[in-house]
Amino acid sequence: MEPLGVPVRVDAAGNLRGVYPSAQPNAGCLLIGSHLDTVPNAGAYDGVLGVVLAVALLEELRGRNLPFGIEVVGFSEEEGVRFGTPFIGSRALVGRLGKELLEIRDARGISVRKAIEEFGLNPEDLPQAEVKNDALGYLEFHIEQGPVLEKLNLPLAGVEAIAGQSRMQFTFLGRANHAGTTPMDLRYDAVAGAAEWISVVERAAQDTHGLVATVGKIEAKPGATNVIAAEARLTLDVRHSSDDIRTRAVNNLIRLAQEIAARRGLSVTHNTLLSQRAVAMDSFLNQQIEQAMLKTGCKPHRMVSGAGHDAMIMAERIPAAMIFLRTPGGISHDPAESVAIEDVEKAIECGRHLLDQLAASPEFHQRTTRA
Ligand SMILES: [Zn+2]
């Protein structure tokens, strides 16, 4: 960003930030960014493409200043790989990188606070990382990380909402016994009960529009070939853009687990690991994004993001929106992750139209930070 005359600073959470000035003094600021960190064995585009696109948009202005400033943000930590807690970078901007989060430790016992200090930063400066009250909105370009846009043959989409999620653990309890001597009608097989429920989970999600439900992990005890399992421990991940539909689905799956367990003479317990509400993206920004897509020659399309993003955190404080780019093969979090150059061109063109529209929009100017 230095050739553009934009000084870059590192805030106390390690986020890279630079403000491209507005044409007028005391004008508000539009934030554009994404995250710089990634996962092990990752691809090259998840996160960082959104940061590069933000810089590319500044280049596209060719020295022109808009009625608002543009702050480019490269978030330091989004994936949660090191500390098991995601969005550490963006939480700092909304004032939620607090004491509790600073004490979380990585696998080597190093706390977030210590990591920040070892990086040469001061956790006491975190309040200065917060977005100012003149922030007008947050825009994030990100790869879709799924197969939907490719299937629809569209390069770009606006994001309607980021799905809420429930993460749970279920334990079916039966009775261990000899796999050879116990007749089929005299068994209390925890794994068989769990298996019946897993297929019910899949069907329930297939039958509800927009619902995704996953049993991603199963563990059997005692866990031997010739022993009927006494215990089956499973995880459940349920996501939907409507919290109401998600909550109802979860309650239904709990009831079905209990029914299956009762019929088989088993018991089942459950506990909730995470219950996160859906986050709507800003409707004004989404309308503007759709207009910009039309000008770019793209059919406007809106979709729900099944994955969490920094935009979800930023939306707590300021109007936020996202633009997804088609992900070839839907492959992400893998070295085979890619994007088409033409789609990146479309994203830049769409972003350029969007900035011009916002520059001309009185409604955008009058916006102040949500209380
Ligand atoms: Zn990402």
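## Close-ups of a predicted model

**View 1. The zinc site.** Three side chains hold the zinc ion here: H35 through NE2, D46 through OD and H142 through NE2, at 2.0 to 2.2 Å. Keep in mind that this is a predicted model. Read along the chain, the donors follow the pattern H-x10-D-x95-H. H35 sits in strand β3 (residues 29-35) and H142 in strand β5 (residues 135-143), so this pair ties together parts that are 107 residues apart in sequence. Buried or exposed, what are the two histidines? H35 is buried, at 0% relative accessibility, and H142 is buried too, with a relative accessible area of 1%.

View 2. The disulfide count for the model is zero.

**View 3. The largest nonpolar core.** This core has 38 residues, and I32, F68, I70 and F141 make the most contacts inside it. Among the elements that give it two or more residues are β3, α1 (48-60), β4 (69-75), β5 and α10 (341-360). The top contributor is α10, with seven residues. In general, nonpolar side chains in soluble globular proteins tend to be buried together.

**View 4. Zooming in on F141.** Leaving aside residues up to four places away in sequence, F141 touches I32, G33, S34, G50, L53, L57, I323, L325, A347 and G351. Two of these names come up elsewhere in the legends: I32 is also listed among the residues with the most contacts in the core, and S34 stands opposite G74 in β4.

**View 5. Strand β4 and its neighbours.** Seven of the seven residues of β4 are buried, so the strand is largely enclosed by the rest of the structure. Both faces are covered, with G69, E71, V73 and F75 buried on one side and I70, V72 and G74 buried on the other. Strand β2 (residues 16-20) pairs with β4 in the antiparallel sense over five bridges, and R17 has V73 as its bridge partner. β3 pairs with β4 in the parallel sense, over seven bridges. Getting from β3 to β4, the chain passes through α1, and this β-α-β crossover is right-handed.

Key: Residues are numbered from 1 along each chain as its sequence is written. This is a predicted model: local features need pLDDT of at least 70, side-chain atom pairs count only at pLDDT 80 or more; totals for chains, interfaces and linings use all residues. Side-chain values use heavy atoms; hydrogens and water are left out. Donors are N, O and S atoms within 2.8 Å of the metal (3.2 Å for Na, K and Ca); water is not among the atoms, so sites may look incomplete. Helices (H or I, at least four residues) and strands (E, at least two) are DSSP runs, numbered from the N terminus. Buried means under 20% relative accessible area, exposed over 50%, partly exposed in between (1.4 Å probe, protein chains only). A disulfide is a pair of cysteine sulfur atoms within 2.5 Å. A nonpolar core is a set of buried Ala, Val, Leu, Ile, Met, Phe, Trp, Tyr and Cys residues joined through side-chain atoms within 4.5 Å. Contact means heavy atoms within 4.5 Å. Two strands pair if DSSP finds at least two bridges between them. A crossover is right-handed if, with the strands pointing away from the viewer, the path from the first strand over the helix to the second runs clockwise.
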